[in-house]
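Please keep the sequence and the structure in view while reading.

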Amino acid sequence: MIQIRDEIAADLPAREALLDAAFGDTRSEKTSERLREGRRAARGLSLSADHAGEVVGTVRLWNVSAGTAGDGLLLGPLAVDAGQRNL
């Protein structure tokens with residue numbers, strides 16, 4: 001069974017590996033990375049999907065400001081282990 005839980009510091013290496021596998025070597029060059037650069041993810045909105053003690057999914061949301069539209073959340077990155085997709 002997969003459990004969705006708050007991300008913990010020990011998840012970070014697995015999270016980075018998932019993101020590299022999902023988005024490739026150039027993921028840090030994406031425009032969305034510029035929006036997140038130097039920021040912390042929104043409080044309480046960094047989640048990991050755990051299956052039998054292994055991180056198989058990750059998602060974060062980020063606080064952003066959209067000019068006169070006001071504050072909002074930016075989704076991503078989101079990644080799921082290839083072996084866990086479509087189950």
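**Salt bridges and burial**

R5 is buried, at a relative accessible area of 18%, where buried means under 20% relative accessible area, exposed means over 50% and partly exposed lies in between, computed with a 1.4 Å probe on protein chains only. D11 is buried as well, with 3% relative accessibility. These two residues form a salt bridge in which the closest N and O atoms are 2.7 Å apart; a salt bridge is a side-chain nitrogen of Lys or Arg within 4 Å of a carboxyl oxygen of Asp or Glu. Side chains of opposite charge can pair when their charged atoms come close.

The model is predicted, so local features need pLDDT of at least 70 and side-chain atom pairs count only at pLDDT 80 or more, while totals for chains, interfaces and linings use all residues. Residues are numbered from 1 along each chain as its sequence is written, and side-chain values use heavy atoms, with hydrogens and water left out.

A second salt bridge to consider is that of R27 and E16, with an N to O distance of 2.3 Å. This pair links distant parts of the chain, since R27 lies in the loop between α1 (12-23) and α2 (31-36) whereas E16 is in helix α1, 11 residues apart. R27 is buried at 14% relative accessibility, and E16 is partly exposed at 33%.

In helix α2, E33 and R36 are 3 residues apart, about one turn of the helix. Their side chains meet in a salt bridge of 2.8 Å, N to O, and R36 is buried, with a relative accessible area of 8%. Elsewhere, salt bridges that share partners join E7, R15, E16, D20, R27 and R60 into one network. In total the structure holds 9 salt bridges.

**Overall fold**

What does the secondary structure of the protein come to? There are 2 helices and 4 strands, where helices (H or I, at least four residues) and strands (E, at least two) are DSSP runs numbered from the N terminus. Along the sequence they follow the pattern β-α-α-β-β-β. The C-alpha atoms fill a box of roughly 45 × 25 × 25 Å along the principal axes. Of the 87 residues, 30% count as buried.

**The sheet**

The 4 strands form an open sheet in the order β1-β2-β3-β4, with antiparallel pairing; two strands pair if DSSP finds at least two bridges between them. β1 and β4 are the edge strands, each pairing on one side only. Neighbouring strands are turned by 20 degrees against each other on average, direction ignored. For such angles, axes are lines fitted to C-alpha atoms, for helices over the stretch in contact, and angles run from 0 to 180 degrees between N-to-C directions.

Between β1 and β2 there are 5 bridges, and D6 has L47 in β2 as its bridge partner. β2 and β3 are joined by 6 bridges. A49 has G57 in β3 as its bridge partner, and H51 stands opposite E54 in β3.

The hairpin of β2 and β3 has 2 residues between the strands. A52 lies in this loop and has a positive phi of about 55 degrees although it is not a glycine. A52 is exposed, at 75% relative accessibility. A further backbone feature is the cis peptide bond that joins G76 and P77, with omega about 0 degrees; P77 lies in strand β4.

**The largest pocket**

Which residues lie nearest the centre of the largest pocket? They are I4, A49, G57, T58 and V80, out of 13 lining residues. On a 1 Å grid over the protein atoms alone, a pocket is an open set of points with protein on both sides within 12 Å along at least five of seven lines, and lining residues have an atom within 4 Å of a point.

The volume of the largest pocket is about 160 Å³, which is the space filled by probe spheres set on the grid points, the points being joined across faces, edges and corners. β1 (2-6), β2 (46-51), β3 (54-65) and β4 (71-80) each supply at least two residues of the lining. β3 gives the most, with 4 residues. The lining divides into 9 nonpolar, 4 polar and no charged residues. Here Ala, Val, Leu, Ile, Met, Phe, Trp, Tyr, Cys and Pro count as nonpolar, Asp, Glu, Lys and Arg as charged, and the others, Gly among them, as polar.

Technical notes
1 Å grid on protein atoms, 1.4 Å probe; cavity = no way out; pocket = protein on both sides within 12 Å on 5 of 7 lines; lining within 4 Å.
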